[in-house]
Amino acid sequence: MAIPQNWKESNRTIQILRAAEKGKYGVLAAIAYNIEQILGLVRAAEKARSPLIIQFFPWAITYSNGLLIRAAADAIKGTSVPISIHLDHAQEEDLIRHAADNLPFDSIMVDMSHHEKAENLAKTKELVAYCNSKGIATEAEPGRIEGGEDGVMDTAGLEGSKTTVEEVHDFTATGVDILAPAIGNIHGEYGPAGPQLDFKR
């Protein structure tokens, strides 16, 4: 089926974030680990009259061939608030293409931040184009956020690098819809000093 040129006008993740930007409010993006959490998140969103982004780590695809993702897609049918489905921290190129081809994601984080800057940018550009051709919005991580998350490559041993203005321009030029900039934020615990965020960047 051909993807219409104006697919972003109906993409749920993009519409949720555009409305949030216009209304100046935040949106919860929560990781779901099982069906009970999917149902709980959907019911809570409807009760709170709040939009929601349900996120999955890549293991949700490899563990059960995407069963949880398909369950989430079924759970959000006919909801009274906007809810989208997002693949978080996808770092394997073949898995990203498989997810875009076969599973009902509204958006995918194309996380190539474990590569050096030039390779990160090149791979991001290629995968953004692929996902967009399927009507799927994309997120990318310019720079490198330290730490690790469940089932995601631990970047704690890699040097963190804060996102520069030049990188923001380079990555937005790829057509990516969402940026996850490194401004001192980390994956995991911040420790006794707490977050040291450089908002002025």
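Is tyrosine 33 buried, partly exposed or exposed, and what is its relative accessible area? Tyrosine 33 is partly exposed, with a relative accessible area of 35%; buried means under 20% relative accessible area, exposed over 50%, and partly exposed in between (1.4 Å probe, protein chains only).

The model is predicted, so local features need pLDDT of at least 70 and side-chain atom pairs count only at pLDDT 80 or more, while totals for chains, interfaces and linings use all residues. Residues are numbered from 1 along each chain as its sequence is written, and side-chain values use heavy atoms, with hydrogens and water left out.

**Aromatic rings**

The structure holds three aromatic pairs. Rings of Phe, Tyr and Trp (its six-membered ring) pair if their centres lie within 6.5 Å; planes under 30 degrees apart count as stacked, over 60 as edge-to-face and the rest as tilted. Two of the pairs are tabulated.

| Pair | Centre to centre | Between planes | Type |
|---|---|---|---|
| Tyrosine 33 and tryptophan 59 | 5.9 Å | 25 degrees | stacked |
| Tryptophan 59 and tyrosine 63 | 6.5 Å | 75 degrees | edge-to-face |

Helices (H or I, at least four residues) and strands (E, at least two) are DSSP runs, numbered from the N terminus. Tryptophan 59 is partly exposed at 24%, whereas tyrosine 63 is exposed at 70%. Ring pairs join Tyr33, Phe57, Trp59 and Tyr63 into a cluster.

**Helix α4**

In helix α4 (residues 67-75), the buried residues are Leu68, Ile69, Ala72 and Ala73. Leu67 and Asp74 are exposed on the other side of α4.
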